[in-house]
Amino acid sequence: MNGPRSYLRRTDTLWWARRTYLAYTLREATGIAVAGYAFILLAGLISLANGERAYDVWLNFLKSPWSLALHLLFLIAMVVHVWTWFKIMPKTMPRLVIGRRIVTQNEITAAGIVVAVAAFIVILLVAECVQP
Amino acid sequence: MKRSVAPVFWLLFGAGGMLAALTGPALVVITGLAAPTGIGLSPDFMSFARALSFVHNPFGKVILFGIIVLFFWHGAERIFLTLRDMHAGGRLTLMWICYGTAGVLTFVTVAALTMIGV
């Protein structure tokens, strides 16, 4: 009658591609973009080590429409990363108390995004100042 | 109790994630969009001579090392955890693939920086 019924795990291997998990999958995919951008920088560093001709090949690649499209994609992923990173941050840290008041999760997220926007502006200004 | 190595990778993930959140968008705009197109920045921003003197500078070396390596370890941990969630393979296999790649690329970064010298 009631024989042993062992638990069978769902074999839905494409669960992450479903709409319900879109936010999860997008957030995790930003990791590919962060590593991918580092890879482009490393390629530049290696070509720099190989002399001017190799470095020019890398610079010309950066000017190609492929690279520009790729970097546009990287930029979108970085923005998603900033957003999700500070969205999750308050959940991963101990409760923050300032002046006997608990700082809410939304406040921590907002503060993080403000700092990120400020850092974005400062870095661009520094780049403007040091250009030839 | 056997000590776990997870906190080490978790720390690298956190450091890389924070660095990417604060510098990533600006860096992509500068090196990937503005400098190559010459829009908003001089087209000579990343010229050979300037790039070389930047890497010759110890601060430049530390900045490049920190960004490249921590971005790699951040991505490696993310991809590892996601592949785990996707049941893409055994824990050890995925660890070797993800952390192994980040480890090799760390070595290559150090080698390239050393080759360029001071």
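The contact between the chains takes 44 residues from chain B and 39 residues from chain A, where contact means C-beta atoms, placed from the backbone, within 7 Å. On the side of chain B that touches chain A, two or more residues each come from helices H1 (6–37), H2 (48–56), H3 and H4 of chain B. H1(B) gives the most, with 14 residues. By class, this side holds 31 nonpolar, 10 polar and 3 charged residues. Helices are DSSP runs (H or I, at least four residues), numbered from the N terminus.

This is a predicted model: local features need pLDDT of at least 70 and side-chain atom pairs pLDDT 80 or more, while totals for chains, interfaces and linings use all residues. Residues are numbered from 1 along each chain as its sequence is written, and chains are lettered from A in the order in which they are written.

Within chain B, the axes of H3 (residues 58–85) and H4 (residues 91–116) come within 9 Å and cross at roughly 170°. H3(B) and H4(B) are therefore roughly antiparallel (an angle over 145 degrees). Their contact has 17 nonpolar, 3 polar and 3 charged residues. Among them, Phe65(B), Phe72(B) and Trp73(B) lie in H3(B), and Met95(B), Tyr99(B) and Leu113(B) in H4(B).

H4(B) has 26 residues and reaches 37 Å from its first C-alpha to its last, close to the expected 38 Å. Its buried residues (20 or more other C-beta atoms within 10 Å of their own) are Cys98(B), Ala102(B), Leu105(B), Thr109(B), Ala112(B) and Ile116(B). Their cover includes H1 (22–49) of chain A, together with H2 and H3 of chain B. Just after H4(B), Gly117(B) takes a positive phi of about 70°.

Note on methods. Axes are lines fitted to C-alpha atoms, for helices over the stretch in contact, and angles run from 0 to 180 degrees between N-to-C directions. Angles under 35 degrees count as roughly parallel, over 145 as roughly antiparallel, 65 to 115 as roughly perpendicular and the rest as oblique. Two residues are in contact if their C-beta atoms, placed from the backbone, lie within 7 Å. Ala, Val, Leu, Ile, Met, Phe, Trp, Tyr, Cys and Pro count as nonpolar, Asp, Glu, Lys and Arg as charged, and the others, Gly among them, as polar. The expected span of a helix is 1.5 Å times one less than its number of residues. A residue is buried if 20 or more other C-beta atoms lie within 10 Å of its own, exposed if 12 or fewer, and partly exposed in between; C-beta atoms are placed from the backbone.
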